[in-house]
Amino acid sequence: MGTTVIGLIVIAVVVFYLVFIYNRLVSLRNQFKNGFAQIDVQLQRRHDLIPNLVEAAKAYLSHEKSTLTQVMEARNNAVSAQKDAARDPGDGTKIQRLGSAENLLTKALANFYAVAENYPDLKANETIQQLMEELSSTENRVAFARQAYNDGVMSYNTFREQFPNNIVAGMFAFKETSQLELESPEARQAPKVAF
């Protein structure tokens with residue numbers, strides 16, 4: 001009778017521990033998904049500002065059409081990657097594609113800013129200045145949101161990989177996910193706006 005009670009206690013402790021691990025994995029997964037939702041909001045803001053900026057600059061940069069086209073194409077690719085990643089922020093491949101698309105958009109914006117430097121009328125335009133300031137502010141918000149997301153992903157992946165958590169994670173298909181990273185060091189810098 002005594003060994004049966006001890007056996008039941010041991011089984012109960014193991015079951016409660018497994019439930020704890022499962023619940024912790026769910027909690028950490030939801031935290032990084034929430035972190036991605038914050039990035040999603042800021043990226044949407046960034047993507048919404050860009051067409052306004054390009055439209056306002058068209059009058060001044062009529063012979064720089066390729067630069068404006070490059071910015072809009074990069075923006076459209078980034079929007080597509082953002083929507084795809086938002087469907088499943090736990091899919092590392094989609095997160096990496098989003099990072100690549102945002103990297104290309106950042107490079108296109110840097111080219112735009114470099115071209116804009118050569119046009120005093122453009123630099124003096126109040127609408128352009130306001131849009132560029134909002135875009136710069138949004139870049140900072142994206143950086144903070146990305147940092148929070150990456151911290152959440154790191155906590156989730158670390159907990160998921162620890163023993164015996166990795167056994168529970170494997171049984172319930174908790175997959176590893178990727179951090180949102182930019183591919184090149186220069187892309188890690190927010191675009192500089194100088195007027």
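## The stretch at residues 6-25

In this predicted model, residues 6-25 are 100% helix and 0% strand.

## Overall build

Let's step back to the whole chain. The protein chain holds 6 helices and 0 strands, so its order from the N terminus, by the DSSP runs, reads α-α-α-α-α-α. Its C-alpha trace spans about 90 × 25 × 25 Å along the principal axes. The radius of gyration is 23 Å, whereas a compact globule of 195 residues would come out near 16 Å.

Of the 195 residues, 38% count as buried. Among contacts between residues at least 6 apart in sequence, 80% join residues at least 24 apart.

## The nonpolar core

Now to the inside: the largest nonpolar core has 45 residues, and L25, L53, L61, F112 and Y149 have the most contacts within it. Two or more residues each come from α1 (2-58), α2 (65-87), α3 (92-116), α5 and α6 (165-171). The largest share, 12 residues, is given by α1.

F112 is worth a look in the viewer. Setting aside neighbours within four places in sequence, F112 is in contact with L53, A57, L61, T67, L68, V71 and M132.

## Helix α5

Helix α5 covers residues 126-161, and its end C-alpha atoms are 52 Å apart. That agrees with expectation, because 36 residues at 1.5 Å a residue should span 52 Å. At the start of α5, a side-chain oxygen of N125 comes to within 2.8 Å of the backbone nitrogen of T127.

Terms used. Residues numbered from 1 in each chain as written. Predicted model: local features only at pLDDT ≥ 70, side-chain atom pairs only at ≥ 80, totals over all residues. Heavy atoms only, no water. Helix = DSSP H or I, 4+ residues; strand = E, 2+ residues; numbered from the N terminus. Expected span 1.5 Å × (residues − 1). Polar contact = N/O pair within 3.5 Å; in protein donor to acceptor, adjacent residues only side chain to side chain. Core = buried A, V, L, I, M, F, W, Y, C linked by side-chain atoms within 4.5 Å. Buried < 20%, exposed > 50% of the residue type's maximum accessible area, 1.4 Å probe, protein only. Contact = heavy atoms within 4.5 Å. Rg over C-alpha atoms; globule rule 2.2 N^0.38 Å.
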